[in-house]
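Welcome, and please have a look at the sequence and the model below. A short briefing follows, grouped by topic.

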Amino acid sequence: MTKEPNNKANWGISYGELVWREFGKNRLSVLCLGFIVFLFVLAVLAPFLANGKPYVIRIDGRLHFPLFGALKATDYCVFLAAIIGVAQLLLIRRNRRRIDPSLRGGVFWRQISVMAFVLVGGCVAICLRVPYKLDATNYRDMVASDKATGALFAPVPYGFGEVDLAVREQPPNAQHWLGTDDVGSDVLCRLIHGSRISLSVGFVAVGISCLIGIFVGAILGYFGGKIDFIGMRVVEIVMAIPTFFLIITIVAFFPRSLFNIMIIIGITSWTGDARFIRAEFFKLRKQDFVQAARSLGLPLRSILFRHMLPNGIAPVLVNATFGIAGAIFIEAALSFLGFGVAPPTPSWGQMLSLGVSTTGRFLWWLTLFPGFAIFFTVLAYNLVGEALRDAIDPRLRKAA
Amino acid sequence: MTKNNVLLSVENLSVEFFTEDGQVRAVQNVTFDISKARTFALVGESGCGKSVTALSIMRLIPSPPGEVTAGRILFRGRALLELKERQMQRIRGDRIAMIFQEPMTSLNPVYTIGDQIVEAIRLHQKKNASQAWADAVEMLARVGISDPQQRAMDYPHQMSGGMRQRVMIAMAVSCEPSLLIADEPTTALDVTIQAQILNLLDELQKQNGMSILLITHNLGVVAERADKVAVMYASRIVEVADAGPLFAQPLHPYTQGLLRSLPRLGYTAKRLPTIAGTVPDPLHFPTGCKFHPRCPLGSDDKQCQTIEPMLREVRPGRKAACWHCPGYETEEEFKEYESKYGKHKRASVKS
Amino acid sequence: MTTYVIRRLLLMIPTLLGITIMVFAISRLAPGDPVSLSMGPGGQMDAERAADVREARMRLYGLDKPVYEQYMTWLWKVVRLDFGDSIKHHRPVFDLIKERLPITLSLNIIAFVIIYTVSLPLGILAAVRHKRFFDRASSVILFMLWSLPSMWVGQMLIGYFCGPAFKNWFPPAGLSSNNADQLTFFPWFGDRLWHLAMPVLCLTYTGFAYLTKQVRAGMLDNLRADYVRTARAKGLSNAVVIFRHAFRNSIIPVITIMATLLPAMLAGSVIIERIFSVPGMGLLAFEAVTTRDYNVVMAVATVGGVLNLVGLLLGDIAYAIADPRISFESAV
């Protein structure tokens, strides 16, 4: 009974598949995952769902496509990222069906690298090539005054930056389904576009903190001794800083931008991941496969990242999902306090801060809807993280 | 065995576990008796159900998955399975005590060992704190721990495995129970310590007149210490006999296989005989006799493959569950039996 | 044990230095400075005069010296508890902190006590009734509580319970009513509690979920441990087994959580004090940051760091006391 590597019947179940199957047994978390996917779709398609410019409009007998013309570089980058993401998922499915598990890992990483390269290159190219056009024509007025006909608007026909002081602070009505904020922008539109901010903050911030944390934790855990001692003191210093104070300090002093916030949240929250990886690496260091790798003379980065890391990454993944929820929270809190993204960029937290008007009126629609958005998003991520933790743990215990 | 000598009587005990993967029948139709001041050994491979049997005597089976589905357990005439939990709590630790396999984890790490013994004493006896403490120290001395005054104030993590097991024994025997259930008491210990612990148990048995239910997979221990032995395989008892006759002449093919695979002094064969195959998965027991796939006699026998043999008396004082064990099945056979082996009390006939 | 405490306190010093350096660096790296802010566009003065005034003010606050000198002077003063003067309030920062810290601390301590009183029994009960209705239901509810953003809850509470629009049961802001100084002790105390009710509510609910989960997880692990089986075999009743054995072991990780809970609540204080206008450290920090009040910002960050470290130290000491397996020599 020789084992042929390509004989499908002999393939075991890979760790990823095991976790995925266990995860799928929990219907609630699959629902939450579906919700998160829905949010992503919302974020990607935001300019098509809520836009002040119509898809198509007939002016003086000629067809114009204002919405498509006004798409910005960021929109194109987001589309590119979405396409690449979907392509990668399809590739994963194909891998699972066609490639032997022992080879799958290497193939997967090559694919990811190619995808990342395409993404970054594409984004740079887009940002350099796509001009920034400002189209300030008010198409709704044109339709209203019969200067144009045959206009097809997006489902929510308002732009997130539109200011219309005549309709400010209106509760939900037929024109503005979720009401308007203090400058007259449509709440639903800003809610949809705000999802982009929340999701991107989550991912980038957690991405940064994971990278730093994994790197630091791997070095400390692998070497131990003096390096570990000094390193842990540094980690303790960073941990002892009251992070929220630090964040608002930094954010208040430096110019307000989404990018700054993402970086700052990332560099203040890596300590948890570092401690996890360090603990895992301590355990793994003594195992035979690490000794074998060392005796083969493999370079350090190979030992650390190709051999040890996949075994110790589980708690970091779980922590990452909770981290995304936390990052969304922090961004909302910062925007609420006035330190986050500046208007007109839409942010759920900033909308929340308008809930009590300057005159003291309680504008319930500005409190309820953004609040629910934050709540459901954070809840979804937390539940997914919890289910992921459950999916990973018992498997480890059973396999051991 | 005359009736008034029987301390514990287990009749047709069945225990099942209702798990996500299915229904596991961990113990099926187990019947045996334990006499006063005797050591009864329950032998078998891992997973055969011996620990579950012991736990069900103490009614410590974790109840959401597990359940005693049939049978009776009589302890001094009282039906243990019908007692209320409160009554059972009074019996546990006091009349029936149990020690476990892992001394490392079986003691609470945050209390001193003195405190843990005192807890058992004060629960079942009306003694005040200082009396109980004095008793505890005395127990520690009895189980052979030197400097017991000092040791009583130690925490479990400060002691070695052997000492911890002695502490467990001290705790269990502190209220002088009539039955001590020892679930693999020496498996986790060094060989030299094993002997010491077993000697200790022997001594305590002589001093207190207590019975011991010894659960083990080590046949050597059984040969030395047990008075009567029951062999379990895949949730059933397959043979019961006094220790001497069992080792001299095992009747059930499984017992025979086990004994054959023990290396002995003077063994000259090149390879150690083994029992072919592996223990069956409790979720998917074989039909008929559970041992038949591995049995040299029964793997081709249709009766062995389809009908499960009952545990019945096949010699005076010996029971076995095997179609190939000679025994009596009808009245005539019984008379023939009697003429061959002499008059004896008639036991169950094949049904 | 005293050597352990002394060693930890000594180790705290480099950590504190690190914190102060970091805070100082950030406040100095940022564009803009308090003098320019307080002077505003200076449209009323002509340029030369404005420059003179600016220089004078910079000299007054020592902002014209090189950075490391500023740091050393500042550090030297801090060690003697002189945090300088607040540029906005024109009062010594130390006084401001002295006024406000007790408020924040009392808010957090009350919340702390409530969280522990509720979570411990809840966690034990959920573990004992594992996988049954109570466990599942409380799990879901606690999860939802954990995911509620505190500013949202605060705002909703104000909108629905503290204002004229819906119910007017609680005051929307402040620590005491306007006539508080005229009241005797008990009415004053009651008034204080009435004002604190909503902020404390906001501060506690997030802690419930986290702590209950930890207690539940610890209890589940311990209830299945071997020594619990031994305890049952001794004939102990279920209640004794749960409380004296399993719970006593589960409490060990919970104690270490105390150390991390306090800093988290201090952070949450910022938002809640802002929403409810409670004059505590959080609000002080917020205002200081918006007005670039250097001295206050650095003082608050330092005090926050100290509190963090003290909390960590207390947590470690409590851990070593609770778990006899940890000796003070082995724990660094």
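Two strands pair if DSSP finds at least two bridges between them. Helices (H or I, at least four residues) and strands (E, at least two) are DSSP runs, numbered from the N terminus. This is a predicted model, in which local features need pLDDT of at least 70, side-chain atom pairs count only at pLDDT 80 or more, and totals for chains, interfaces and linings use all residues. Residues are numbered from 1 along each chain as its sequence is written, while chains are lettered from A and ligands numbered from 1 in the order in which they are written.

- S4(B) and S5(B) form a hairpin with 2 residues between them, and B:Arg76 in the turn has a positive phi of about 55°.
- The pairing of S4(B) with strand S5 (residues 78–79) is antiparallel, with 2 bridges, and B:Leu74 stands opposite B:Ala79.
- S4 (residues 66–75) also runs antiparallel to strand S1 (residues 6–19) of chain B, joined by 8 bridges; here B:Phe75 in S4(B) is opposite B:Leu8.

- All told, 6 of the 6 residues of strand S8 (residues 211–216) of chain B are buried, so the strand is largely enclosed by the rest of the structure. A residue is buried if 20 or more other C-beta atoms lie within 10 Å of its own, exposed if 12 or fewer, and partly exposed in between, with C-beta atoms placed from the backbone.
- In a regular strand the side chains alternate between the two faces of the sheet. In S8(B), both faces are covered: one side has B:Ser211, B:Leu213 and B:Ile215, the other B:Ile212, B:Leu214 and B:Thr216.
- S8(B) pairs in the parallel sense with strand S3 (residues 39–43) over 5 bridges, and B:Ala41 stands opposite B:Leu214.
- Strand S7 (residues 179–183) of chain B pairs with S8(B) over 5 bridges, in the parallel sense; B:Ala182 has B:Leu214 as its bridge partner.
- From S7(B) the chain crosses through helix H7 (residues 191–208) to S8(B) in a right-handed β-α-β crossover, meaning that, with the strands pointing away from the viewer, the path from the first strand over the helix to the second runs clockwise.

**Domains of chain B**

- Chain B is divided into domain 1 (3–95 + 177–233) and domain 2 (249–275 + 286–341), with bounds from an automatic or database domain assignment.
- The domain centres, taken over C-alpha atoms, are separated by 24 Å.
- Their contact takes 4 residues from domain 1 and 9 residues from domain 2; two residues are in contact if their C-beta atoms, placed from the backbone, lie within 7 Å.

**Contacts with chain C**

- Chain A gives 34 residues and chain C 40 residues to their contact.
- On the chain A side, the elements that give two or more residues are helices H9 (225–240), H10 (243–253), H15 (314–337) and H17 (364–399).
- The contact between chains B and C takes 23 residues from chain B and 18 residues from chain C. Helix H3 (113–124) of chain B is one of the elements giving two or more residues, and H3(B) gives the most to the chain B side, with 4 residues.

**A closer look at one residue**

- Not counting residues up to four places away in sequence, A:Ile328 touches A:Ser198, A:Val201, A:Gly202, A:Ile374, A:Thr377 and A:Val378.
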